[in-house]
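Hi,

Here is the structure I said I would pass on. Have a look at it first, and my notes on what turned up are just below.

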Amino acid sequence: MEIKEIREYKSHILAISKIANEPFKEFKKWIKIAQDNNILDFNAMTLSTVSSNNIPSSRIVLLKQINKDGLIFYTNYRSNKSIDLNHNKNVAANFYWAKINKQIRINGLVNKIPYKLSNQYFLSRPRTSMISSIISKQSSYINSINSLEKKLFYLTNNKKILNNIKCPKYWGGYIIKPYMIEFWQGKPNRMHDRILFIKQNKWVKKILSP
Ligand SMILES: Cc1cc2nc3c(=O)[nH]c(=O)nc-3n(C[C@H](O)[C@H](O)[C@H](O)COP(=O)(O)O)c2cc1C
């Protein structure tokens, strides 16, 4: 079958009356639905940033925490995305879960989270992930992965280093504070439900044409 012929939207109708008046509540509900549907990497989001030359870039990052202000992901503060974010705090984030025909689109502004919180999360990670984050200069050019792998092996087996490990200053969390969130529910006949929340003084809820 050709891709253009695939049209099925088995679903899960989105009842507008059942949408919360506050998007974080709805967002958490959708995350739980995705999780309950065993969606692989349900917390993976496409994160788009814009460089100082106005060039957009997208990549997947994992949503790790949700609090009352926003969504937290972790990364290297010297990576390409972080260089973009130093110039422009605007991001777009997107979750798409094909199995349940749901998409969430987010626009927001990012800020670094306090070091203490990054360190807390950092120390909760598996030791190989901690070491990898320390030794990888994310997004920089390398000749091959071999020397990093050797380093990883050596350091993960070095008790003295492991006992003194802490989050490096060049790694940590960003919080996305959304000002727009759209919940999209795919339906048959292309009559998809789209509910948009826009932050004014308070959150305003709108329905969008499919
Ligand atoms: C499923 C998945 C999860 C990922 N999670 C993260 C993450 O949480 N943080 C991160 O920095 N990179 C993550 N990555 C790698 C990024 O997509 C990207 O390659 C890396 O962050 C470098 O991006 P940049 O050069 O734009 O900074 C993930 C990739 C995939 C496919």
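**What I found**

Starting at the N terminus, the elements of the protein chain follow the order α-β-β-β-α-β-β-α-α-α-α-β-β-β. That comes to 6 helices and 8 strands. Keep in mind that this is a predicted model. As for its extent, the C-alpha trace of the protein chain spans about 60 × 50 × 35 Å along its principal axes.

Next, a pair of helices. In general, two packed helices are described by the angle between their axes and the distance between the axes. Here the pair is α4 (residues 127-135) and α5 (residues 146-156), whose axes come within 10 Å and cross at roughly 130 degrees. Because of that angle, α4 counts as oblique to α5. The crossing of α4 and α5 is right-handed. On the α4 side, the contact is made by Arg 127, Thr 128, Ile 131, Ser 132 and Ile 135. From α5 come Leu 148, Lys 151, Leu 152, Leu 155 and Thr 156. Sorted by class, the contact of α4 with α5 has 5 nonpolar, 3 polar and 2 charged residues.

Then there is the ligand. Which residues are around it? They are Asp 41, Arg 59, Ile 60, Val 61, Leu 62, Tyr 74, Thr 75, Ser 79, Asn 80, Lys 81, Gln 138 and Ser 139. Thr 75 has a polar side-chain atom 2.6 Å from an oxygen atom of the ligand. For Lys 81, a polar side-chain atom also lies 2.6 Å from a ligand oxygen atom. In Ser 139, an N or O atom of the side chain is 2.6 Å from an oxygen atom of the ligand.

Cheers

Notes:
Residues are numbered from 1 along each chain as its sequence is written. This is a predicted model: local features need pLDDT of at least 70, side-chain atom pairs count only at pLDDT 80 or more; totals for chains, interfaces and linings use all residues. Side-chain values use heavy atoms; hydrogens and water are left out. Axes are lines fitted to C-alpha atoms, for helices over the stretch in contact, and angles run from 0 to 180 degrees between N-to-C directions. Helices (H or I, at least four residues) and strands (E, at least two) are DSSP runs, numbered from the N terminus. Angles under 35 degrees count as roughly parallel, over 145 as roughly antiparallel, 65 to 115 as roughly perpendicular and the rest as oblique. A crossing is left-handed if the near helix is turned anticlockwise from the far one by less than a right angle, and right-handed if clockwise. Contact means heavy atoms within 4.5 Å. Ala, Val, Leu, Ile, Met, Phe, Trp, Tyr, Cys and Pro count as nonpolar, Asp, Glu, Lys and Arg as charged, and the others, Gly among them, as polar. A residue is near a molecule or strand if one of its heavy atoms lies within 4 Å of it. A polar contact is a pair of N or O atoms within 3.5 Å; within protein, one must be able to donate a hydrogen and the other to accept it, and residues adjacent in sequence count only if both atoms are side-chain atoms.
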